[in-house]
Amino acid sequence: MLRGWLRKQTWQPCLVHTNDDQTIQGVLSVTAPDGIVLVSAVYLDGAGNGEIPLSGSLWIPRETIRFVQMVRG
């Protein structure tokens with residue numbers, strides 16, 4: 001059941017770049033007016049430490065998102 005605050009459900013791979021210079025790769029599952037939900041997310045560590053897998057669903061508020069890149073596969 002979709003709740004009223006959910007605007008759109010999608011399953012698109014993407015890269016999310018945040019205002020604090022972090023990058024998260026995952027599958028965009030839900031977009032809402034106040035944020036997005038990623039599943040199968042991986043934090044891409046720019047310090048050369050590789051990828052850090054994130055478990056479960058990850059809620060990212062819109063005010064923390066710099067931009068989102070959709071990945072074609």
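Residues are numbered from 1 along each chain as its sequence is written, and side-chain values use heavy atoms, with hydrogens and water left out. Because the model is predicted, local features need pLDDT of at least 70 and side-chain atom pairs count only at pLDDT 80 or more, whereas totals for chains, interfaces and linings use all residues.

The chain contains zero helices and six strands; helices (H or I, at least four residues) and strands (E, at least two) are DSSP runs, numbered from the N terminus. Along the sequence the pattern reads β-β-β-β-β-β. Of the 73 residues in the chain, 33% are buried, where buried denotes under 20% relative accessible area, exposed over 50%, and partly exposed in between (1.4 Å probe, protein chains only). The chain exposes about 5,000 Å², of which carbon and sulfur atoms supply 52%; accessible areas come from the Shrake-Rupley method with a 1.4 Å probe, and for residues only the protein chains shown count as cover. Among contacts (heavy atoms within 4.5 Å) between residues at least 6 apart in sequence, 42% join residues at least 24 apart.

Strands β1 and β2 pair in the antiparallel sense over eight bridges, two strands being paired if DSSP finds at least two bridges between them. The two strands form a hairpin with four residues between them, and D21 in the turn has a positive phi of about 60 degrees. β1 also pairs with strand β6 (residues 65-70), in the antiparallel sense and over five bridges. Within this second pairing, C14 has M70 of β6 as its bridge partner.

T23 lies in strand β2 and stands opposite H17. The side chains of T23 and H17 are joined by a polar contact of 3.1 Å. A polar contact is a pair of N or O atoms within 3.5 Å; within protein, one must be able to donate a hydrogen and the other to accept it, and residues adjacent in sequence count only if both atoms are side-chain atoms. T23 counts as buried because its relative accessibility is 18%. Beyond its neighbours within four places in sequence, T23 contacts L15, V16, H17, V42, Y43 and L44.

The largest nonpolar core has nine residues: C14, V16, I24, L28, I36, L38, A41, I60 and I65. Such a core is a set of buried Ala, Val, Leu, Ile, Met, Phe, Trp, Tyr and Cys residues joined through side-chain atoms within 4.5 Å. At least two residues of this core come from each of β1 (8-18), β2 (23-32) and β3 (35-45), and β3 gives the largest share, three residues.

I36, in strand β3, is buried, since its relative accessible area is 3%. Apart from its neighbours within four places in sequence, I36 is in contact with V16, L28, V30, T31, L58, W59, I60, R62, I65 and V68. I36 and I60 are 24 residues apart in sequence, and their C-alpha atoms are 5.4 Å apart in space. With neighbours within four places again left aside, A41 contacts I24, Q25, G26, P53, L54 and L58.

G46 belongs to the loop between β3 and β4 (50-53). This residue counts as exposed because its relative accessibility is 79%. Although G46 and D21 are 25 residues apart along the chain, 9.0 Å separates their C-alpha atoms.
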